[in-house]
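Here are my notes on the model, jotted down while going through it. Have a look at the structure, then read on.

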Amino acid sequence: MILNDVTINGNNTAGASIAGVANLNVASTAAANQTVTITSGSPNQLQFTGQDAIQFSGASKLSVATGSGSDTFNVAPLASTTVSVDGGDPTPPAAPGDTLLVDLTGTATPALSVTNSSAGSSGAWTFGGQQPIDFAHIETLQSTADLDVTNSAPGTVAENGSLTYTITI
């Protein structure tokens, strides 16, 4: 039997093992700051700090929404499951507010698309070979700059002389 949607609500969603669900929706109403970790594996795992992990497989979409705290989402892209995170409140200018950190290890062609509004940032990370990570109501995103700066000029430069840097992106 395949269920189309399963929704888990509340502050204690831990210890579950779920398979064969098309859409898995997890919502926490906690006002305290939370850390949510989503890891790739067999099975994949969702874990709120201080709780047991929820193991899941076969879901085409995992949606996670948190309460009004300044929450942190640590997310690894998944092979066959689209991940959607919603930080909820607080809204900008809260700092750091809700934070999204994406594990780019082993990803191919990661690309970030962001739209900023008074409710926070929304958008998506996309990858070659993995499903996207969609997000909404996020106030802090990790830096996406991957620069290598090299001084390719001589060790010393006279006043009014030229200094050359090579920047690789």
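1. Start with T107, which touches P77, F127 and Q130, leaving aside residues up to four places away in sequence (contact: heavy atoms within 4.5 Å). T107 sits in the loop between β10 (99-102) and β11 (108-117); strands here are DSSP runs of E, at least two residues, numbered from the N terminus. The T107 side chain also reaches the backbone oxygen of L104 at 2.7 Å, a polar contact being a pair of N or O atoms within 3.5 Å, where within protein one must be able to donate a hydrogen and the other to accept it, and residues adjacent in sequence count only if both atoms are side-chain atoms.

2. Before going further, the ground rules: this is a predicted model, where local features need pLDDT of at least 70 and side-chain atom pairs count only at pLDDT 80 or more, while totals for chains, interfaces and linings use all residues. Residues are numbered from 1 along each chain as its sequence is written, and side-chain values use heavy atoms, with hydrogens and water left out.

3. Is T107 buried or exposed? T107 counts as buried because its relative accessibility is 18%; the buried cut-off is under 20% relative accessible area, exposed is over 50%, and partly exposed falls in between (1.4 Å probe, protein chains only). T29, in the loop between β3 (21-27) and β4 (35-39), is exposed because its relative accessible area is 62%.

4. On aromatics, searching the whole structure turns up one pair. That pair is W125 and F127, stacked, at 6.2 Å centre to centre and 5° between the planes (ring centres within 6.5 Å, six-membered ring for Trp; planes under 30 degrees apart are stacked, over 60 edge-to-face, the rest tilted). Both W125 and F127 are buried, and F127 is also one of the T107 contacts.

5. The largest nonpolar core has 25 residues, and I38, L46 and L100 have the most contacts inside it. Such a core is a set of buried Ala, Val, Leu, Ile, Met, Phe, Trp, Tyr and Cys residues joined through side-chain atoms within 4.5 Å.

6. Overall, the protein chain has zero helices and 16 strands, and 34% of its 169 residues count as buried. Among contacts between residues at least 6 apart in sequence, 47% join residues at least 24 apart.

How values were computed: Helix = DSSP H or I, 4+ residues; strand = E, 2+ residues; numbered from the N terminus.
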